[in-house]
Amino acid sequence: MAPASLVLMPSLHPEDPREDLLADLDAEQRLAVLAVRGPVVILAGAGSGKTRVISRRTAYAIATGVVPQDQALVVTFTDKAAGEMGERLRLLGLPGVTARTFHAQALSQLRHFWPSRHDGEALPALLPSKLPLVTPLARHLPGNYKFRPAKDLADEIEWAKVRSIAPRDYEREAAAAHREPPIPGDLLARVFDQYERLKVKAHRLDFEDLLLETVRLLEDDAVAAETVRARKSWISVDEYQDTNPLQERLLELWMGDRRDLCVVGDEDQTIYAFTGASSVYLRSFATRWPGALQLSLVRNYRSSPQVLALANRLIAAEGRTKQLVPTRPDGPDPVTAKHTNDVVELAALCAWITQRLADGTKPGEVAVLVRMNAQLPPIEEALTRAGIAYQVRGLQFYARPEVRTAVLELRKLAASASPDAAVTGAGLAGRVRALWHEVLGFDEAAEDEEAGSGQEAREQQASLETLLAIVESLAAADATLTASGLLAALEARATHEREGSADGVNLLTLHRAKGLEWDAVALPSLEEGNLPIRQAVSSEDPEAVAEERRLLYVGMTRAREHLLLSWALQRDVRGRVARREASRFLDDLRPPRSNRVTILTGSPMHPAADRAPRPGASGDPLFEALRVWRTEQARLAAVPPYVIAHDNTLALIAESRPRTRPALRRIPGIGPDKLDRYGDEILAIVERLLAG
Ligand code: ATP
Ligand code: MG
């Protein structure tokens, strides 16, 4: 078999319009685009142009007559990515190329062949989620297992199904794979079996069935397989590092004995291993496809050298030698900021974003990436207070199922005639906690083993903890708050989040950030327990921790210019102030000699700081004194207090305790005008409090 490298298209005459497709590509990218035939694997780092090469190569193959437009298929990781790829191809004058996910392509094939193979019946309807069937099954589990999130059971069923494991084999296979099921293996196998029966009875197919049934169709039905192959003869796959075994099998069947397959991926960006995906297919491609052309793209076109240096160090610490080579001009040094507490961290995050916007970065070019949905509400509130418009991309906090259920319970309480509906303030927070415990099995003191070890269990636990913290702070701020008042406050937040601002700052999870890029990226809460997530650490599974590292790598490599990494020494966790440690990954980012900008706001921690009032929070004498001063100023000037200074600004002053005018001037929110007008008074307050 001739290696694919020998089947390059000849170079074109410089005036050939097809030359345009190659014009702005580097030598390696060109090679990849020219290699239009045979198996090709492109192993390349973040931002090296993999996705760009896929679209160009497709356009080039069509322009040079290697494949007709309607025979080319580009497989993407999400529907959104498929939409974007379709758009890129349209702009290249190719409206007829199919860009789809594995699922979408399988669905269209099954729909086509199903009736003729099932006595004229149409394809059963798709089950958009397993939850409606799994939830009642979960509720009937013995003991506390009935509170296990149905989504974790559904995810475990998905893990088994993408490996074509039947319910009766589940226990054995899970044990062999060292899985830790969310409930004991025998119970899971039972739920799995019951789920399958219910689904067949309801005449539905789930997402894995789509792939499974298509695999079955193409394995058993030679005519269908031939027809499918004749329609799509030239296939490319983006984000191939996150392919699962069923998708891989499907890809083999789509290819048959043809060889025009190109896959691109970056094993350091595998972030869906927990659902059953594996980068093994990417890594073994060249051996499985003899004669494959293996290429790498070595230059990075996305990020500044400063961002890349940091990303390179992150994976070098795991023994990886891959280096992302910069092509872009120097940018600012990434900022690693350590804060004394979460309030100050948020204030600094807002100040950082405000600075980016003031420097001319568009809000849509700023992103805050989080590990879990539960991190969103405090960030949303801080942004709202700072007057920064935002939009949550992907699943919103208040749209999460357990949050909706918790709010629904509160609505029932507010509407009831029970005396509880009239409870106010702190009593109300206690009542709400008890209510959620009763109905949702929520226990904020629960350890992981009790709450369940699945992804969703920890997301749910964290969301309810966050929601309860919001309830407690609302109740603490207003002793007359009733259940209906609380409900109204939560609903207002939910509406604000839902409406968002289309051109606001982006808030999203690291998982959703895959493939995307922004000018400025902030990664807050980089602490042990959050990234790496607590359960990855406690599982003592090195692979689980490695996936957390890759998540951070994905996050950092989204940034073009500005990168903020921050963490806090203390934060409210589960209703109490907890000490936090920097993420182990931050240690790995330390350069050989220090050229990082490290900001430490506040003084070093006092050993008894756990009990001391947190600087910048209510209870901190300096912060309180500044607020009293502000109230007085606002009264004198007959303006609202925030016109004098935002809480964020006061928190930062309390935190960094400036003793001089230049030091005060460096605090975001203190411009020349404010410095002139209030500088001396503020410095006097700081002086007085510190002396006392
Ligand atoms: P990821 O691993 O994050 O998915 P990727 O390898 O797919 O990244 P792309 O998204 O294709 O990278 O490209 C990253 C950025 O670099 C994009 O903005 C793209 O337009 C730009 N780019 C790619 N190649 C070049 C080039 N040769 N010249 C200029 N810009 C380029
Ligand atoms: Mg890409």
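View 1. At 9% relative accessibility, threonine 101 counts as buried; here buried means under 20% relative accessible area, exposed over 50% and partly exposed in between, with a 1.4 Å probe and protein chains only. The model is predicted: local features need pLDDT of at least 70, side-chain atom pairs count only at pLDDT 80 or more, and totals for chains, interfaces and linings use all residues. Residues are numbered from 1 along each chain as its sequence is written, chains are lettered from A and ligands numbered from 1 in the order in which they are written, and side-chain values use heavy atoms, with hydrogens and water left out. Threonine 101 sits in the loop between strand S3 (98–100) and helix H5 (102–117); helices (H or I, at least four residues) and strands (E, at least two) are DSSP runs numbered from the N terminus. Its side chain reaches the backbone nitrogen of alanine 104 at 3.0 Å. This is a polar contact, that is, a pair of N or O atoms within 3.5 Å; within protein, one must be able to donate a hydrogen and the other to accept it, and residues adjacent in sequence count only if both atoms are side-chain atoms. Alanine 99 belongs to strand S3 and is buried, with a relative accessible area of 16%.

**View 2. The surroundings of ligand 1.** Of the 19 residues around ligand 1, Gln29, Lys50, Thr51, Glu517 and Arg558 come nearest; a residue is near a molecule or strand if one of its heavy atoms lies within 4 Å of it. A side-chain N or O atom of glutamine 29 is 2.8 Å from a nitrogen atom of ligand 1. Oxygen atoms of the ligand are approached by threonine 51, through a polar side-chain atom at 2.8 Å, and by arginine 302, also through a polar side-chain atom at 2.8 Å. Taken alone, ligand 1 exposes 640 Å², of which the protein buries 84%; accessible areas come from the Shrake-Rupley method with a 1.4 Å probe, and for residues only the protein chains shown count as cover.

**View 3. Composition of the shell around ligand 1.** The shell holds three nonpolar, eight polar and eight charged residues. Ala, Val, Leu, Ile, Met, Phe, Trp, Tyr, Cys and Pro count as nonpolar, Asp, Glu, Lys and Arg as charged, and the others, Gly among them, as polar. Helix H3 (residues 50–63) gives the most to the shell, with three residues. Ligand 1 lies between domain 1 (4–106 + 215–301) and domain 3 (307–389 + 501–605), because both give residues to its shell. Domain bounds come from an automatic or database domain assignment.

**View 4. The largest nonpolar core.** This core has 50 residues, of which Ile353, Trp436, Leu486 and Leu490 touch the most other members. A nonpolar core is a set of buried Ala, Val, Leu, Ile, Met, Phe, Trp, Tyr and Cys residues joined through side-chain atoms within 4.5 Å. Helix H21 (residues 455–477) gives the most to the core, with seven residues. Domain 3 and domain 4 (398–498) both contribute residues, so the core lies between them.

**View 5. Helix H12 and its ends.** Eight of the 11 residues of helix H12 (residues 245–255) are buried, so the helix is largely enclosed by the rest of the structure. The buried residues are Leu246, Gln247, Glu248, Leu250, Leu251, Leu253, Trp254 and Met255. At the start of H12, a side-chain oxygen of asparagine 244 comes to within 3.0 Å of the backbone nitrogen of leucine 246. Glycine 256 follows the helix and has a positive phi, near 55°.

**View 6. The loop between strand S15 and helix H23.** Proline 532 lies in this loop, between S15 (518–523) and H23 (534–538). Leucine 531 and proline 532 are joined by a cis peptide bond, with omega about 5°. Serine 525 is placed in the loop between S15 and H23; its phi is near 60°, a positive value in a residue other than glycine. Serine 525 is buried, with a relative accessible area of 9%.

**View 7. Histidine 178.** This residue is in the loop between helix H8 (167–176) and helix H9 (185–201). Phi of histidine 178 is positive, near 55°, in a residue other than glycine. Histidine 178 is exposed, with a relative accessible area of 72%.
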